[in-house]
Amino acid sequence: MKKAFDAVIYNGQNGAEVKERVYTQAIKSLGEKYPDVVCLTADMTYLLEVNAFRDRFPERAFDLGVAEQNMIGVASGMAQAGEVVFAHTFGCFITRRAMDQIVNAIAYANKNVKMIGMMPGIASDGGPSHMAIDDISLMRSTPNMTILDLGDSTETGQAAEVAYQHEGPVYLRMRRGKQHHLFDSDKYKLEIGESYWIREGTDISIVTSGIMTSRALEAASLLEKQGISTNILHVPSIKPIDTEGILEVASRCKALITLDNHNVIGGLGTAVGEVLLENNFSVPFYKIGIQDKFGKASSESYLAKIYGLEPEQIAQTAKAFLDGKKNPQESVLIEPQLIVQGGGWQEEWKN
Amino acid sequence: MSIDTLLTPGGSLEKFPLEDLVIKLKKSVFEMGRAAGGGYIGQGLGSAEMIAALFFKKLRLDPSDPTNPDRDRFLLSTGHYAISIYAAMAELGIIDRKLLEYYSADGSPLEMIGSETTPGLEIGGGSLGQGLSRGIGHALAAKLRNHTWKTYVYMSDGEMQEGQVWEAALVAAHQQLDNLVLIIDNNGMQVEGRINKITSLDPLAEKWESFGWNVKEIDGNNLSEVMNALDTIPENNKPTIIISHTVMGNGISFLHDREDAHYVKWSEENHAKALSELGGNNNEKSF
């Protein structure tokens, strides 16, 4: 665990600064640095932010069409031939759609393939077919796989290099398009196996990753107004996971809560729960996340509300749990009674 | 108004000529785009003739009882085309026309990518390349139990890049499923642009013939060719594929055959221009 208090530049109030299409530059720069980087896409290049790499290195960029299982096999072959392969599509398609190919051609074969899964969980507004709410679970239970769930523009900017430097399969789970800027890139260094202590408190410890960390900071700010102080441990490296860091924050609170932009079954919360049990560490423990149900094709804010993942709902849930309530997340869910106009894919859709 | 009220089946098939129904269907597509600020409008335009022919003339479908066990099964494999199906269902009264205003809105039953949670849709089609397999399941079950209904699967051409399609193609022919009709909206486009620049499907008709299918190739934006193809499905122990050559954004100048129109934003200006170019009887508002 790294103490990273001074690297945090967002205090959880008034919305974080936003940066756009950070991965676009990161993967292009990686290509400039290392001639063995190749990029694969499955019918989406601009949308997966690989367009700058493709334009700079057209001979090293391959759009293989709407065929994810084939793409994974191709990635394995190119890696076996010595390339460092970055394969891109939405998180749902690159994991569960091609699961058997990943297990055999990437993981068991232990090939140097980096799989980039975009639009994780509620960051996808295309409905259950397009929502990765099980990708962490699938990748965690796959031997040889490393998983990074990226939470801000700084992490996204560093992740391609981190993945490149790691020999072997890596799953990068990240938002596309607009990303929150939470960490100072001069002070924050993304590392596999590391966790980051980003807020200090005594009442509740929140263990979080990915796009939930921004929400955790906002929830902590709301809790503070109620006199509840919050530890936050940011855990981008879901596998391998930093056992010591989790035990450390678990020992500094009255209750431990995990945040998942994922099904609560098999996500970060499950991984943290395993750490606690396997180390015989007892603490009141609750997993906030998608409570084992499918969603709808709707905007991120709508999905967050129906799942109970808005910062206000997280704060309410945390307080309810601290007060000893059973199933505290259930009480904060907002039933979809009203249709809000203007949902759906509003992002500009161009090639 | 609550969603439940809007989902109540009702109404009846209006006895318009098919040409007029195509126009009405397209107008509904525009209205959905207008309500949502965007949508799969190019696909809606390209597929309008085939969807109108199927839903208003060809499918065995009782609009007042859309889940009747004896209905023909229409499986939308490419869920993105749901915009056309919503328009057709509104015309038939299977869903309330007012529901179209909620196309792709947060929490709406009319999701941008069709799913079986929407009344009237048999399957979810967001993850591509799976519809034909599910159609084979229906067709096999119909044969097993001597049901007379047919199964129609509607798929896009880009979707055929998914390998599962070809697994299904083998099985449908081997099982001699002449109660199964596959319709390809062959507009030559996928998200990234023209299919031939990404992963070509050519020669398409020859591929399916060699897989043991009856193959029909038609101009899918020509109503008489569409109706003729649907009226002459052979019963020769082979499944039939209709390769329906269409134009994405057909007939609307600023969308017609555009490579970057997989998903389009829809402004009031676009809306007005599209309506003015549509032709037909424009006096009647869709809703």
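Biologist: What should I know before reading?

Modeller: The model is predicted: local features need pLDDT of at least 70, side-chain atom pairs count only at pLDDT 80 or more, and totals for chains, interfaces and linings use all residues. Residues are numbered from 1 along each chain as its sequence is written, and chains are lettered from A and ligands numbered from 1 in the order in which they are written.

Biologist: How many residues does helix H6 of chain B have, and what should they span?

Modeller: Helices are DSSP runs (H or I, at least four residues), strands likewise (E, at least two), both numbered from the N terminus. The expected span is 1.5 Å times one less than the number of residues. H6(B), residues 131–144, has 14 residues and should span 20 Å; its end C-alpha atoms are 20 Å apart, which agrees.

Biologist: Which residues of H6(B) are buried?

Modeller: Buried means 20 or more other C-beta atoms within 10 Å of a residue's own; exposed means 12 or fewer; partly exposed lies in between; C-beta atoms are placed from the backbone. In H6(B), Gly131(B), Leu132(B), Gly135(B), Ile136(B), His138(B) and Ala139(B) are buried. They cover an arc (directions from the helix axis to the C-beta atoms) of only 165 degrees, so they sit on the same side of H6(B). On the other side, Ala141(B) and Leu144(B) are exposed.

Biologist: What comes just after H6(B)?

Modeller: Asn146(B), with a positive phi of about 60 degrees.

Biologist: And chain A?

Modeller: Chain A has 12 helices and 15 strands. Its C-alpha trace spans about 60 × 45 × 35 Å along its principal axes. Of its 351 residues, 59% count as buried.
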